[in-house]
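Trainee: Please pick one part of this structure and take me through it closely. Keep it connected, and spell out the cut-offs as you go.

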Amino acid sequence: MPATDRIRDHAGLGATTVAARARRRLRADQARQLADLLRHQILTGGFESGTLPHETTLAADYRASRNTVRQALDLLRAEGLVDRLPGVGTVVVGRKYPHGLDRLMGLAETLREHGTVTNEVRTMGPAPAPHPVARRLQVTPGADVLYIERLRRLNGLPLSLDLTYIPLDLGTALLGADLENTDVFRLLETITGQGLGHAEITLEAVNADTHSAAVLEAPRGAAVLMLERLTHLADGRPVDLEFIRFRGDRITMSGLLHRSL
């Protein structure tokens, strides 16, 4: 066979392979897109009975193939949101709780409609402030601050691991407070006699380290939502620096944003 024919044949085979890969990629993209739509329905109570429609119905409703629907449900099953029960179908088995980002509230205040938040105080006491902590709380580097580590549960289920730094002149008053059942925000407002003003937040996904995973009862290396928050009193003083690790499979973050240029 002439070299040009061999090259042409090889190119044809390559084109077939590329097309097959593109089809697989397209199906995977469609499954991911469908999973996003179904996840929203699940998290907002769109399936009141707790059972998803039959695969045929989903395929018709979303104009997708049965294979795409199955792949989308597999993705949601891997997330722990749904499961397949013989004789029943696909049912909702997981739940995520909404945490707003547009209001400055403690966790118990935020989730009061969803159950009871309790706090297990794992560590609490004075500790020298690392330089970044001292700078953000506007205290002398190396000066003692109150350090608190709490495991926070919602209806008994581990939800977040909170690491908190508070200036010691305020933190001392917290030593005898009911931290197991009260948000630090409320206690700070009581101690200072003024309300909280604003907070600077950063939200990112991180992998759970061995300690965090064990405390949160999550798989090691599982993705967690890490909220870093520096809270100020109404007069502008920074009083609460927190690093909060949320179980990503139990919380969603939402807010209302306005466009301003």
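Mentor: Thr164 is buried, at 0% relative accessible area. Buried here means under 20%, exposed means over 50%, and partly exposed lies in between (1.4 Å probe, protein chains only). This is a predicted model, in which local features need pLDDT of at least 70 and side-chain atom pairs need pLDDT 80 or more, while totals for chains, interfaces and linings use all residues. Residues are numbered from 1 along each chain as its sequence is written, and side-chain values use heavy atoms, with hydrogens and water left out.

Thr164 sits in strand β6. Strands are DSSP runs of E with at least two residues, helices are runs of H or I with at least four, and both are numbered from the N terminus. Setting aside neighbours within four places in sequence, Thr164 contacts Leu146, Tyr147, Ile148, Arg150, Asp240, Leu241 and Glu242. A contact is heavy atoms within 4.5 Å.

Now take Asp162. It also belongs to β6, which spans residues 157–167. Asp162 is buried, with a relative accessible area of 1%. Beyond residues up to four places away in sequence, Asp162 touches Ile148, Glu149, Arg150, Arg152, Phe243 and Ile244. Its side chain makes a polar contact of 2.9 Å with the side chain of Ser160. A polar contact is a pair of N or O atoms within 3.5 Å; within protein, one must be able to donate a hydrogen and the other to accept it, and residues adjacent in sequence count only if both atoms are side-chain atoms. The C-alpha atoms of Asp162 and Val121 are 9.6 Å apart, across 41 residues of chain.

Next, the charges around this strand. Side chains of opposite charge can pair when their charged atoms come close. A salt bridge is a side-chain nitrogen of Lys or Arg within 4 Å of a carboxyl oxygen of Asp or Glu. That rule gives 18 salt bridges.

Start with Glu149, one of the contacts of Asp162. Glu149 is buried at 8% relative accessibility. Arg122 lies in β4 (residues 117–128) and Glu149 in β5 (residues 144–154), so the pair ties together parts 27 residues apart in sequence.

Arg152 is another contact of Asp162. Arg152 is buried, with a relative accessible area of 5%, and Asp183 is buried at 4%. These two side chains form a salt bridge of 2.7 Å, N to O. Arg152 is in β5, while Asp183 is in the loop between α6 (168–171) and α7 (184–192), 31 residues apart. Salt bridges with shared partners join Arg150, Arg152, Asp162, Asp183, Arg229 and Glu242 into one network.

The buried residues of α7 are Val184, Phe185, Leu187 and Leu188. Viewed down the axis of α7, they fall within an arc of 165°, so they line one face of the helix. The arc is that of the directions from the helix axis to the C-beta atoms. Among the elements that cover these buried residues are β5, β6, α6, β7 (196–207), β8 (223–233) and β9 (238–247). Gly193 follows α7, with a positive phi near 75°.
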